[in-house]
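Welcome! Please take a moment to look over the model below, and then we will walk through its core, its confidence and its aromatic rings.

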Amino acid sequence: MQNSIVALELVFAALLAVHLIYFILSRLQPDKNYSTMATRIHTWWGMFVILCCATLFSPLVSLLSLVVLTFFALREYFAMIKTRKADRRLHLWAYLSIPIQYYWIYTDWYGMFIVFLPIYVFLFLPLPRLLSKGTSGFVRNVSSVQWGLMLMVFGLSHLAYFPFNSPEFGPGLVLYLVVLTQLNDAVHYLASLYVGKRRVVPTANPYLTWEGFAIAFVFTALTSSVICSYLTPFSPRLGLLSGMIISVCGFFGGLTVSALKRDLLTRDDGRPVAAGRSYLSQIDSLTYTSPIFFHLIRFVSDLM
């Protein structure tokens, strides 16, 4: 717990420093586009509050704070889906799955937690839509809701399972994962902004470059090997491996959610709709890093 408090103090200091640096650079270099970084900084402060709740208090408080995070992430995702009023019944069923999914975590029923959404919900969710509105737009509407559940609910819910599955190390593992994931995103964005030249997928995310990916990969892996001894029981070798996996998975998570957003926010004439301040852009990487890191820990250690 003491190490987690120190780490949170360092995160708070880092956020203050980043906010100050952003303020100075935005004034000194008005020709540079810092809008994405401004959005990230504002959302990081909100996530910092949730992170404090998830690491400093009881597992129940941690679970409730992550329920709130999941709800708002799913709500923003649904706000981008073009649906008719009658199709929103699917959204209601999707929202109802959130407390049920987290209830399995609260009762520490791992078997039901791992199969509830990808099996039971996925198989029975299409039935109300099929019985009420037939087959018109069936695949797009149902699959878009399933994608949202898979990423925003199933993926993020793994964060809540760390404190319940490992009370001693769980809070530190949550802090370790979130800090590395957000750090990897920030380094990738800044490196792409200043030295990036070869874009990965410009149509999905114009800010991601291969140079940024390489720099973020090395930086995240090295940082992970250093801080793992303070927040986790990992050896430096496992910490290095975890940092590498978090960096790669975070990259694919951000790219996947960016592609989803571009597709959902495309009008019928092919022109994109402005997304505004998107909350999903800040937790997109966690939808991939949370479940993969969780199952990596279960596979290589007896912590979970």
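The largest nonpolar core has 66 residues, and Leu74, Tyr77, Leu149 and Phe293 touch the most other members. Such a core is a set of buried Ala, Val, Leu, Ile, Met, Phe, Trp, Tyr and Cys residues joined through side-chain atoms within 4.5 Å; buried means under 20% relative accessible area, exposed over 50%, partly exposed in between (1.4 Å probe, protein chains only). Helix H7 (residues 138–165) gives the most to this core, with 13 residues. Helices are DSSP runs (H or I, at least four residues), numbered from the N terminus.

This is a predicted model, where local features need pLDDT of at least 70, side-chain atom pairs count only at pLDDT 80 or more, and totals for chains, interfaces and linings use all residues. Residues are numbered from 1 along each chain as its sequence is written, and side-chain values use heavy atoms, leaving out hydrogens and water.

The chain's mean pLDDT (the predictor's confidence in each residue, from 0 to 100) is 82, and 86% of its residues reach 70 or more.

Now to the rings: Phe, Tyr and Trp (its six-membered ring) pair if their centres lie within 6.5 Å; planes under 30 degrees apart count as stacked, over 60 as edge-to-face and the rest as tilted. By this rule there are 24 aromatic pairs. Here are two of them.

| Pair | Centre to centre | Planes | Type |
|---|---|---|---|
| Tyr161 and Phe294 | 5.7 Å | 50° | tilted |
| Phe213 and Phe251 | 4.8 Å | 50° | tilted |

Phe213 lies in helix H9 (residues 210–231) and Phe251 in helix H10 (residues 236–264), so their pair ties together parts 38 residues apart in sequence. Both Tyr161 and Phe294 are buried.

Definitions and conventions:
Helices (H or I, at least four residues) and strands (E, at least two) are DSSP runs, numbered from the N terminus.
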